[in-house]
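Dear colleague,

Please find below the structure that I am handing over to you.

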Amino acid sequence: MRARRLQDLALWAAVCVPPAAAALDPDGRTLMPLIAGVPLFGVATALGRARPLTALAVPVALTLALDARMLAPLYWTWAALALFGYLAGRRSVSGRAALWFFAAVALSGLPLSAFVLRDLWGWPTQLLTLLLAVVLPWLAGRWHRQYAELVDTGWRLADRMEREQRAVAGRARTRERARIAGDMHDSLGHDLTLLAVRAGALELDPGLDARQRDAVRELREAAAEATHRLREIIGVLREDDSLAPPREESVESLVERARDSGVPVVVERSSGTGGLPPMAALAVRRVLQEALTNAARHAPGAIVRVRLVRDENAFRVRVVNDAAPAAPSEATAGGSGLVGLDERVRLAGGTLRSGPTPAGGFEVSAEVPVAGRDGNPRGPGSEEGHEGVRDAAAAELALARRRMRRRLVEAAVVPVAVLAVIALIMIPLGFVSSSLSVLDRETYEGLHVGVPRDDVRAGLPLFTRDGPPDGAPAPPEGQDCLYYTVKNADRLAYRLCFRDDRLASKAVVP
């Protein structure tokens with residue numbers, strides 16, 4: 001806040017130097033620049049940040065009030081016009097209001113020149129002054145603002161890209177760790193569960209003595225404890241992603257290993273997973289593995305029926321176990337395998353269904369497409385999602401660059417266009433000025449030196465001509481002269497010179 005105040009004070013001091021110098025000039029005849037300029041420029045400075053266009057209107061209005069051509073007092077208002085014009089372009093978000101303002105000022109010059117100056121040629125002068133002193137600095141401010149926005153957009157997009165890259169890498173690591181953890185849980189959990197089932201069946205063998213039964217019981221309890229600890233230490237993968245995924249087994253080896261562990265498995269129909277996409281084949285194996293594991297845990301001794309069917313469109317796996325003949329042992333503590341299994345099948349493009357059967361058993365079935373999705377799903381954390389973010393960032397940066405180029409084109413084209421318009425305006429003004437500035441010979445001869453200016457003006461044409469003819473002699477020193485067209489004599493002009501608001505001399509000049 002303090003820095004802004006110091007900047008505003010410096011701006012006020014800069015725009016007040018020319019009017020102060022004009023007022024203190026020994027050749028100056030009035031204190032008007034100091035009396036009017038300093039406080040008004042202070043008001044413009046105070047409004048500059050909140051209302052930059054209003055701040056620009058203050059020196060423009062002051063200049064027009066002093067001279068409709070905006071030219072005579074320019075030597076002490078040029079600094080304010082240029083600086084406030086630049087700041088209006090630099091601080092304004094939209095340029096539409098400024099364009100309307102410039103158009104209003106430009107159009108106001110015509111009636112001011114016609115009825116105040118009574119000189120139509122004052123309007124092109126005003127347009128040219130407005131262009132050079134106000135519009136060009138405003139365009140420079142607009143360009144500077146657009147350049148700053150382009151730089152800011154570039155840094156903002158670079159920061160966003162860096163953060164997005166870190167997020168993508170983090171999500172990829174998290175997704176891979178979760179996949180490895182799921183694979184370890186499925187494979188090792190399946191093996192430990194079958195080990196516990198085998199130990200439980202062996203524990204009931206009547207041929208074992210007490211010592212052997214104790215050993216088998218310890219083995220079963222150790223398997224159960226290992227299963228429990230496996231679920232706890234899976235979280236280590238969140239800190240260490242150096243573990244490799246376990247090997248994959250075929251559906252036949254999964255069934256045979258379950259049978260060897262004492263699970264009565266009946267294969268009603270079997271189709272191999274060869275030729276399936278990797279994600280689909282992995283999903284089928286996981287469904288079979290999880291279903292056999294759940295049957296061994298929750299229905300030990302129950303018959304398990306497996307059906308694997310493949311057609312042109314999908315691969316279907318169905319595992320149904322009968323009602324459990326006995327209560328499950330403590331080694332069959334449940335987990336969340338079906339929840340993860342459902343996600344696994346969904347990522348392969350398939351569907352999973354599970355639930356109890358009317359006979360009291362449990363069914364797990366899945367269907368995955370034969371032409372399923374191969375690889376990780378696309379999403380905000382994937383490489384494709386990251387490409388989308390990069391494309392959006394590139395599009396935003398390209399838009400900022402186009403705006404920058406458009407501002408540069410405007411800065412070059414607008415002055416040329418305004419000059420062309422001024423040149424076109426001068427053509428009809430020449431005809432109008434020539435026809436409306438003709439002074440009758442009788443009126444000229446009836447004018448006498450010493451007559452007050454107001455009395456002389458009553459009989460003069462509405463407008464004066466565009467200055468003296470080429471090669472005309474210089475006007476008398478200290479006299480303010482007006483020139484009028486001589487009828488049917490384009491190379492001649494009537495010159496009426498005034499001093500102290502009285503007609504001091506008149507002449508016909510070539």
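In what follows, helix axes are lines fitted to C-alpha atoms over the stretch in contact, and angles run from 0 to 180 degrees between N-to-C directions. Helices (H or I, at least four residues) and strands (E, at least two) are DSSP runs, numbered from the N terminus. This is a predicted model, in which local features need pLDDT of at least 70 and side-chain atom pairs count only at pLDDT 80 or more, while totals for chains, interfaces and linings use all residues. Residues are numbered from 1 along each chain as its sequence is written, and side-chain values use heavy atoms, with hydrogens and water left out.

Helix packing

Helix α2 (residues 32–47) and helix α3 (residues 52–66) have axes that come within 7 Å and cross at roughly 165°. α2 is therefore roughly antiparallel to α3, a term used for angles over 145 degrees. In their contact (heavy atoms within 4.5 Å), Met32, Ala36, Gly37, Leu40, Phe41, Ala44 and Leu47 of α2 meet Pro52, Thr54, Ala55, Val58, Pro59, Leu62 and Leu66 of α3. These residues divide into 12 nonpolar, 2 polar and no charged; here Ala, Val, Leu, Ile, Met, Phe, Trp, Tyr, Cys and Pro count as nonpolar, Asp, Glu, Lys and Arg as charged, and the others, Gly among them, as polar.

The axes of helix α1 (residues 2–24) and α2 come within 9 Å and also cross at roughly 165°, which means that α1 is roughly antiparallel to α2. From α1, residues including Asp8, Leu11, Trp12 and Val15 take part in the contact with α2, where their partners include Pro33, Leu34 and Phe41. By class, this contact has 12 nonpolar, 2 polar and 1 charged residues.

Cavities

A cavity is a set of points on a 1 Å grid, over the protein atoms alone, where a 1.4 Å probe fits but cannot get out; lining residues have an atom within 4 Å of a point. Volume is the space filled by probe spheres set on the points, which are joined across faces, edges and corners. The count comes to 2 cavities of 30 Å³ or more.

The largest cavity has a volume of about 40 Å³. Its lining consists of Ala291, Asn294, Ala295, Val319, Val320, Asn321, Phe362 and Val364. Two or more lining residues come from each of α9 (278–298), β3 (314–321) and β5 (362–369).

The second largest cavity has a volume of about 30 Å³. Its lining divides into 9 nonpolar, 2 polar and no charged residues, among them Val197, Pro264 and Ala295.

With kind regards

Note on methods. On a 1 Å grid over the protein atoms alone, a cavity is a set of points where a 1.4 Å probe fits but cannot get out, and a pocket is an open set with protein on both sides within 12 Å along at least five of seven lines; lining residues have an atom within 4 Å of a point. Angles under 35 degrees count as roughly parallel, over 145 as roughly antiparallel, 65 to 115 as roughly perpendicular and the rest as oblique.
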